[in-house]
Amino acid sequence: MQQASQWNRILMSICLALGLSLGQPLPILAGFHTWTSIGPEGGRIYALAIDPANPNTLYAGTWGGGVFKSTDGGGSWVNTGLTNLDILALAIDSRNPNTIYTGTDGGGVFKSTDGGGSWVNTGLTNLRVYALAIDPDPRNPNTLYAGTSRGVFKSADGGGSWVNTGLTNLDILAIAIDPSNSNTLYAGTSDGGVFKSEDGGRSWVSAGLTNFSVFALVIDPANPDTLYAGTSGGGVFKSADGGTSWVNTGLTNLSVSGLAIDPRNSNTLYAATWSNGVFKSEDSGTSWNPSNNGLTNLSVSALAIDPRNSDTLYAGTLGGGVFKSTNGGGSWNAVNTRLTNLRVSALAIDPANPNTLYAG
């Protein structure tokens with residue numbers, strides 16, 4: 001009886017807090033032990049990854065909601081687990097797309113070998129993991145790199161163990177691996193520009209842009225000596241000699257959060273910006289044009305291109321969830337059904353119309 005009385009007091013407090021009349025029936029109590037998410041949908045997306053074998057399958061790394069998965073090209077989403085984690089990076093093994101790695105804000109690197117069905121922590125806990133890159137060489141299927149708040153870490157056994165390769169005093173925000181020679185890799189840092197390694201991360205040398213934070217790095221697959229860097233406040237820079245020298249391609253005074261190259265035509269690339277949406281270049285960065293029709297949230301933090309149909313691309317935003325374009329960025333539509341990862345700190349029900357809710 002005492003326990004029942006305690007529960008009655010708790011339920012009465014909930015009713016009073018929500019502004020419900022105690023004289024009215026409370027249908028929410030019937031499902032008290034079962035919860036169903038009803039939104040809001042969208043939220044903050046910091047990472048996107050597309051399954052190279054099945055481009056209708058993609059993953060979104062959210063801030064606070066873990067990793068979501070879509071198997072219908074963004075038409076709908078399900079949470080794969082890792083709930084309550086802030087996801088900063090995603091990487092899919094192109095040789096075995098069921099193997100996925102995710103980097104978190106303080107929780108380390110998690111790995112799934114069943115397409116997100118289950119996850120294990122591979123280590124690097126207490127670190128922010130901003131970037132992940134898998135060695136593209138088929139001889140090294142278990143080699144991957146993590147850009148963290150304490151430098152670049154390397155694993156040669158699929159995340160079973162990690163070693164710090166250096167740059168320990170720098171936040172590593174981006175990693176790019178030369179597709180023609182995976183011993184060559186580049187790291188973008190928060191306050192030291194770009195660094196380059198030609199021995200699989202055993203040693204590093206400065207590769208310029210030392211006055212900028214570098215949020216994004218991509219390598220031209222048709223010409224690996226050509227790479228692009230997205231910077232904070234400086235726009236996009238391009239190097240045609242493996243990082244020896246750089247030229248500014250434009251978008252000056254803009255902070256670039258992500259870059260993506262068309263896999264069919266490397267003259268076409270896209271730049272995501274923190275506050276000005278998406279820009280597109282069709283001449284290797286010589287000129288840029290905004291590509292924001294339908295993109296109602298211009299704080300874009302992630303980009304991904306369908307590897308089989310490069311007219312299809314996705315943009316992750318800070319607050320607006322995921323947007324999809326099927327015409328090369330010509331127009332965008334939100335694709336957030338059941339993508340419920342917003343952090344809600346306040347909830348209220350309209351006492352005159354209990355079907356109306358407000359969430360903060």
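Is Tyr-228 buried or exposed? I looked this up first, and Tyr-228 is buried, with a relative accessible area of 0% (buried means under 20%, exposed over 50%, partly exposed in between, with a 1.4 Å probe and protein chains only).

**Ground rules.** I am working with a predicted model, in which local features need pLDDT of at least 70, side-chain atom pairs count only at pLDDT 80 or more, and totals for chains, interfaces and linings use all residues. Residues are numbered from 1 along each chain as its sequence is written, and side-chain values use heavy atoms, with hydrogens and water left out.

**Entry: Tyr-228.** I found Tyr-228 in strand E18 (residues 227-231); strands (E, at least two residues) are DSSP runs, numbered from the N terminus. Leaving aside residues up to four places away in sequence, Tyr-228 touches several residues, among them Trp-246, Phe-237, Leu-259 and Ser-284 (contact means heavy atoms within 4.5 Å). I also noted that the Tyr-228 side chain reaches the backbone oxygen of Ser-284 at 3.3 Å.

**Entry: salt bridges.** How many salt bridges does the structure hold? I get four, taking a salt bridge as a side-chain nitrogen of Lys or Arg within 4 Å of a carboxyl oxygen of Asp or Glu. Side chains of opposite charge can pair when their charged atoms come close.

I looked at Asp-93 and Arg-95, whose closest N and O atoms are 3.1 Å apart. Asp-93 counts as buried at 7% relative accessibility, while Arg-95 is partly exposed at 32%.

Next I checked Asp-105 with Arg-128, where the closest N and O atoms are 2.7 Å apart. This pair links distant parts of the chain, 23 residues apart: Asp-105 sits in the loop between strands E6 (100-104) and E7 (109-112), and Arg-128 in the loop between E8 (120-123) and E9 (129-134). Asp-105 is partly exposed at 23%, and Arg-128 is partly exposed at 42%.

For Asp-311 and Arg-264 I read 3.9 Å between the closest N and O atoms. They are 47 residues apart, with Asp-311 in the loop between strands E25 (300-305) and E26 (313-319) and Arg-264 in the loop between E21 (256-261) and E22 (269-273). Asp-311 is partly exposed at 35%, whereas Arg-264 is exposed at 56%.

Key: Helix = DSSP H or I, 4+ residues; strand = E, 2+ residues; numbered from the N terminus. Polar contact = N/O pair within 3.5 Å; in protein donor to acceptor, adjacent residues only side chain to side chain.
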